Amino acid sequence: MSPGHAEIVGAGFGGLVAAIALRRRGWTVRVHERRDTLRGEGYGIAIHNNMARIFATFGILDRVLAGGMKIDRRDSVDASGRVVMTRKTVRSPYRIDRQHIIVLLAERAQEAGADIRFNSPVKSADPAGAITLEDGQRFPADLVVAADGINSTIRDAHGLLARRIWGRDCGVRITIPRRPEEIAADDSHGTVMIEAWADKRRVLYCPVTRGEYYVLLTCTTRDTAAATSPIDPAVWARSFPTMRDLFVRMRDEADWPQSHWAHFQTIHLKHWSSGRIAVLGDAAHAMPPYLAQGAGHAMMNALGLAAALQDAPTIESAMIEWEKRERPLTEHTQRWTRIYGATMFLPKPMKKVSILVEKRPWIAAQYVRAANHQPTGCEVDPRTTI
């Protein structure tokens, strides 16, 4: 199949990787971003081997890693701050600021010749191959990529949604500045990720740059006292007394206007495509953040789409092959993400047992299956690791 023209809706991980991958295969590409800049919700991203291989294929891996932190170990602590298990970080040690990655992907897309347009909200997409903006402009295309997020209007307009599974939990991701003594401790004690569970609440934090912590807070959707913006330190300190000072810093120093509590959900579609429209990222397969693979699958599936289009005789046959090849691993990750998240609702004694069960080889392999995957279309040695 000869390269054609693609209109891409959304300048997130999936949309930008699709733009780069298609341009590298000779397509012309235009990306539509509804906001006026690339800036969005700021938080940290875990870089796994699958993502690293994509960045290496695009020639930006070193620049991506230079903008983040390598985590030396992960400590699981109880409500009193006691370490119940510590593990050296042997897999996927890097945590990177999301905005840093998005900027590098956008730069590489533009260097490759992609046209990125801001303040360009898309109203609809035609399965025959076209998009229409809210201002009425219509752009024909051989391919439309709908990477427009978890509340995708394009997906819903074409009746592709099969199931939306609402979780019992919600979460918020923020960043806060690190103190000088915390930065200095990296050199003497190593960089540490802390994860704590108590009262169906979870706190995870680690350095994402030398001067910044990334924090993930989760709780049940019924826990309205905890799920506030900004948070109430006294409420969270009732579950984690030793972290009171950290919660005060979160309240006072996080960019709350750019953060929001998200009710976790899992999205399954009837099909990942409709005619010449391909749906990817959260629009196609949203999942809770517990295995840190939402962005990974968005990028893998975007690259896989470009590879399928290169290999197939028609766009329609490429869509079928793409979904057949990529969907099983995506749904495997969605399933195991929900399993991991379910530990939040276990009785206290069983939570400790579940932490130990994670170390069993077969269980551990299920959790990291996607993280160690060689994405379709990667041009680097599959043994490449970070």
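## Salt bridges

A salt bridge is counted here where a side-chain nitrogen of Lys or Arg lies within 4 Å of a carboxyl oxygen of Asp or Glu, and the structure holds 22 of them. The model is a predicted one, in which local features need pLDDT of at least 70 and side-chain atom pairs count only at pLDDT 80 or more, while totals for chains, interfaces and linings use all residues. Residues are numbered from 1 along each chain as its sequence is written, and side-chain values use heavy atoms, with hydrogens and water left out.

Side chains of opposite charge can pair when their charged atoms come close. Glu 33 and Arg 35 meet through their side chains in a salt bridge at 3.0 Å, N to O; Glu 33 counts as buried because its relative accessibility is 5%, where buried means under 20% relative accessible area, exposed over 50% and partly exposed in between, with a 1.4 Å probe and protein chains only. Arg 35, at 26% relative accessibility, counts as partly exposed.

Asp 75 forms a salt bridge with Arg 73, with 3.2 Å between the closest N and O atoms; Asp 75 is buried, having a relative accessible area of 6%, whereas Arg 73 counts as partly exposed at 27% relative accessibility. In the salt bridge between Glu 326 and Arg 325 the closest N and O atoms are 3.6 Å apart, and here Glu 326 counts as buried at 6% relative accessibility, while Arg 325, at 33%, counts as partly exposed.

## Charge across the chain

The chain has 52 positive and 42 negative side chains, with Lys and Arg counted as positive, Asp and Glu as negative, and His and the chain ends not counted. The centres of the two sets lie 6 Å apart, the place of a charge being taken as NZ of Lys, CZ of Arg, CG of Asp or CD of Glu.

## Fold and packing

The chain contains 13 helices and 19 strands, these being DSSP runs of H or I with at least four residues and of E with at least two, numbered from the N terminus. Its C-alpha atoms fill a box of roughly 60 × 40 × 40 Å along the principal axes, and buried residues make up 57% of the 386 residues. Among contacts (heavy atoms within 4.5 Å) with a separation of 6 or more, 74% are between residues 24 or more positions apart.
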